[in-house]
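Please open the model in your viewer and keep the selection panel at hand. The stops below are given in the order in which they can be selected.

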Amino acid sequence: MPSEEFKELMFGLYRELRPLYQELHAYVRRKLKEEYGVDKFPSSGHIPAHLLGNMWAQTWGNLLDFVQPYNRTSVDVTPAMIQQGYNALRMFNVSEEFFTSLGLEKMPQSFWDNSMITKPANRSVVCHASAWDFYNQKDFRIKMCTDITMEDLITIHHEMGHIQYFLQYKDQPVSFRDGANPGFHEAVGDVLALSVSTPGHLKKIGLLKTVQDDYEADINYMLSIALDKIAFLPFGYLMDAYRWSIFSGETKMDDLNKKWWQLRECLQGISPPLSRPKTSFDAGAKYHIPANVPYIRYFISVILQFQLHEKLCEVANQTGPLHKCDIYQSKEAGAVLGDMLKLGSSKPWPEALEIITGTSKLSASSLVKYFKPLIDWLKANNTGHRVGWDMDTCPFQLPLQHDLLAILQKWPETATSNGNSCGTGFSLILVLCTVKYTFSPYI
């Protein structure tokens, strides 16, 4: 796919999901104001980044205790894991059993012999979790400093998803031993984690005693997932949007930090805790920037995992709401997933996608369907409150060679005026906003 076409596809997906993010942002902002006081927040509508419970403000799961609307039992099973004596090896065994319950591959003995799943006591290591294929068809490893938490249990399923992909395509020629695209590799484990994190599954494996099956419990649960998945979307997109602007020459070396915070303010609706100097390089605090790891794969993965999840649930004859689906022990779902994984990168990614979903197009519709009850709840809860933030610092420019009418037709969206800003709208090219803002579809 040509690079400009790919950027256009990514922007279109981001734009489709932006309203959901804005509703979540508005709700979280209001709850944080209740906790810390309105005077701690800028009038622009941005959330100070240091209040979001994550070093990069990329996921907001640590805010669940602040923002959970109903008094129901938490789906965080960390206390149960500790009480039951879980250790790193047991967590990895639980993950492996999920894969084998689908009829997929067991981990080879070399995986258990050579992986580093706890932090060594006698040396310094990089603890960022990662999976490794040594391309000899038998040596596959994970490097991870495991903590006994539900968060790390989910991370283990993610990393084991990489290993399962390695195992499935190991007999392909070396040049095809890769994911259909990098987003596929990231999505495999996360698809299973959508099942693993359901209260129903946690009860099956003995980590929850009871499952509260009512509307309020469902909203709590979906909100807990949204704080990780939906909150991540603009960050997942802007990481590489930032780099694209540098590689293209649009962003100059003197403006690296300025552009970073412009994108974060514009796309995430967050602001720095303090004024950031021009000489700083805050983007470098994120591992993937100095390590030169492309990041758009994670944005794709979030969207793709829900698209795959919906179809695998259908194959597994799960007929209830998507957010309750658990494909555990479905050999039928495992067979369909395995058929795609075996291809590696030997087929274009749209063909690999079509094997499972029946369509070659990446779509956010499954993600929206999954969160539909929460979307409706957020909209009702946000009635009468501001949704969105000021867009004054957005670094977008409208290229002169683009025809304004053509862009309007291609990306139709209603932008609403909110005082001196365009509020919740993102199509800043609308006549209402063109006096103050310009915009480019290729960020």
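How many aromatic pairs does the count come to? The count comes to 24 aromatic pairs, where rings of Phe, Tyr and Trp (its six-membered ring) pair if their centres lie within 6.5 Å, with planes under 30 degrees apart counted as stacked, over 60 as edge-to-face and the rest as tilted. Before selecting any of them, please note that this is a predicted model, in which local features need pLDDT of at least 70 and side-chain atom pairs count only at pLDDT 80 or more, while totals for chains, interfaces and linings use all residues. Residues are numbered from 1 along each chain as its sequence is written, and side-chain values use heavy atoms, with hydrogens and water left out.

**The rings**

Select Tyr 295 and Tyr 298 to begin: their ring centres are 4.6 Å apart and their planes are at 50°, so this pair is tilted. Tyr 295 has a relative accessibility of 2% and counts as buried, the term being used for under 20% relative accessible area, with exposed meaning over 50% and partly exposed in between (1.4 Å probe, protein chains only). Tyr 298, at 18%, also counts as buried. Next select Tyr 370 and Phe 371, whose ring centres are 4.8 Å apart with planes at 65°, so that this pair is edge-to-face; both residues are buried.

**The nonpolar core**

A nonpolar core is a set of buried Ala, Val, Leu, Ile, Met, Phe, Trp, Tyr and Cys residues joined through side-chain atoms within 4.5 Å. The largest one here has 128 residues, and Leu 24, Val 28, Ile 327 and Phe 371 are those with the most contacts inside it. Its largest share, 18 residues, comes from helix H9 (residues 215-247); helices (H or I, at least four residues) and strands (E, at least two) are DSSP runs, numbered from the N terminus. Select Ile 327 and show its surroundings: leaving aside neighbours within four places in sequence, Ile 327 is in contact (heavy atoms within 4.5 Å) with residues including Phe 98, Leu 102, Leu 192, Leu 312 and Ala 333.

**His 323 and helix H12**

Now select His 323, in the loop between helix H11 (296-315) and helix H12 (331-341). His 323 is buried, with a relative accessible area of 5%, and, apart from neighbours within four places in sequence, its contacts are Thr 198, Asp 218, Tyr 221, Met 222, Tyr 370 and Pro 373.

Continue into H12, where Ala 333, Gly 334, Leu 337, Gly 338, Met 340 and Leu 341 are buried. Looking down the axis of H12, you will find that its buried residues fall within an arc of 155° and so line one face of the helix, the arc being that of the directions from the helix axis to the C-beta atoms. Among the elements that cover these buried residues are helix H6 (150-169), helix H7 (182-196), H11 and helix H13 (349-357).

**The hairpin**

Finally, select strand S2 (residues 130-133) and strand S3 (residues 140-143), which run antiparallel and are joined by four bridges; two strands pair if DSSP finds at least two bridges between them. Six residues lie between S2 and S3 in this hairpin, and Tyr 135 in the turn has a positive phi of about 55°. Trp 132 has Arg 141 as its bridge partner in S3.
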